[in-house]
Amino acid sequence: ITSFTVLEEGHAINEWYMRKYAGVDPNDGSAMWYVNGQDGATTKVYNEAKVSYQGKSAMPTYTGGLGTNLKLNNFFLDVNFYFSGGNKVYQDWGNYVAGTTSTALNTFNATDLVLDRWQQPGDQTDTPKLTTTSNNNHSVSSRFLKDGDFVRLRDITFGYSFSSEIVKSLAIDGLTLSVRGT
């Protein structure tokens, strides 16, 4: 057992093991967790919620890449993408950058996620109310467990290959000028 994952027979490697976040009480803005760790009854007391498996591993179920090379006359474009998914990632800094305590706001300059926080009875949100005291609203739970799926541009190259007539006059076999970004 690590702080967030467990290695146990019958479960995926690095399967997430934590309390399950149940959202915010619309009446008072308090964070809630599921008592049994999955669904049903909720509690506002962090330690009353059971720690349980959250169904996904930190390990991706698929990874891959895709590349292409396009040519038009003497110009060319090479583009490479990579992707991964089927996993969850834990936003370890979530309690600092999306927290609603004075520490998160003053010390770590919380992100715009706190703008969607609970502010008055009836508000429907996943971000608890602002507080000036320390609490368990931002403790380890599925609140900061996010989908790990992504597609990213890895690199791109744009270039021009000079014609053989031009390079022969320079007494070389070939000349290519390109710009590459990674």
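The side chains of Arg180 and Asp155 meet in a salt bridge with an N to O distance of 3.1 Å, where a salt bridge is a side-chain nitrogen of Lys or Arg within 4 Å of a carboxyl oxygen of Asp or Glu. Arg180 lies in strand E12 (residues 176-181) and Asp155 in strand E11 (residues 150-161), so the pair ties together parts that are 25 residues apart in sequence. Helices (H or I, at least four residues) and strands (E, at least two) are DSSP runs, numbered from the N terminus. Arg180 counts as exposed, at 56% relative accessibility, whereas Asp155 is buried, with a relative accessible area of 8%. Here buried means under 20% relative accessible area, exposed means over 50%, and partly exposed lies in between, using a 1.4 Å probe and protein chains only.

This is a predicted model, in which local features need pLDDT of at least 70 and side-chain atom pairs count only at pLDDT 80 or more, while totals for chains, interfaces and linings use all residues. Residues are numbered from 1 along each chain as its sequence is written, and side-chain values use heavy atoms, with hydrogens and water left out.

## Salt bridges

Side chains of opposite charge can pair when their charged atoms come close. Asp25, Asp28 and Lys44 are linked in a network of salt bridges. As for accessibility, Lys44 is partly exposed, with a relative accessible area of 39%, and Asp28 counts as partly exposed at 25%, whereas Asp25 counts as buried at 9%.

## A sheet and its aromatic pair

The strands E3, E4 and E5 form an open sheet of 3 strands in that order, with antiparallel pairing, and its edge strands are E3 (21-24) and E5 (42-43), each of which pairs on one side only. Strands of a sheet pair through backbone hydrogen bonds, either parallel or antiparallel. E3 and strand E4 (residues 31-34) pair in the antiparallel sense over 3 bridges, and two strands count as paired if DSSP finds at least two bridges between them. Tyr21 has Trp33 in E4 as its bridge partner.

A search of the whole structure finds 10 aromatic pairs. Rings of Phe, Tyr and Trp (its six-membered ring) pair if their centres lie within 6.5 Å, and planes under 30 degrees apart count as stacked, over 60 as edge-to-face and the rest as tilted. Phe4 and Tyr90 form a tilted pair, 4.6 Å centre to centre with 40° between the planes. Phe4 lies in the segment before strand E1 (5-6) and Tyr90 in strand E9 (residues 88-90), so this pair ties together parts that are 86 residues apart in sequence. Phe4 counts as buried at 17% relative accessibility, and Tyr90 counts as buried at 14%. Tyr21 and Trp33 form an edge-to-face pair, 6.5 Å centre to centre with 70° between the planes. Since Tyr21 lies in strand E3 and Trp33 in strand E4, the pair ties together parts that are 12 residues apart in sequence. Tyr21 counts as buried at 10% relative accessibility, and Trp33 counts as buried at 0%. Ring pairs also link Phe75, Phe158, Tyr160 and Phe162 into a cluster.

Phe144 has its place in the loop between helix H2 (102-107) and strand E10 (145-147), and it counts as buried at 2% relative accessibility. Leaving aside neighbours within four places in sequence, Phe144 is in contact (heavy atoms within 4.5 Å) with residues including Tyr90, Gly94 and His138. Phe144 and Gly94 are 50 residues apart in sequence and 6.0 Å apart in space, C-alpha to C-alpha.
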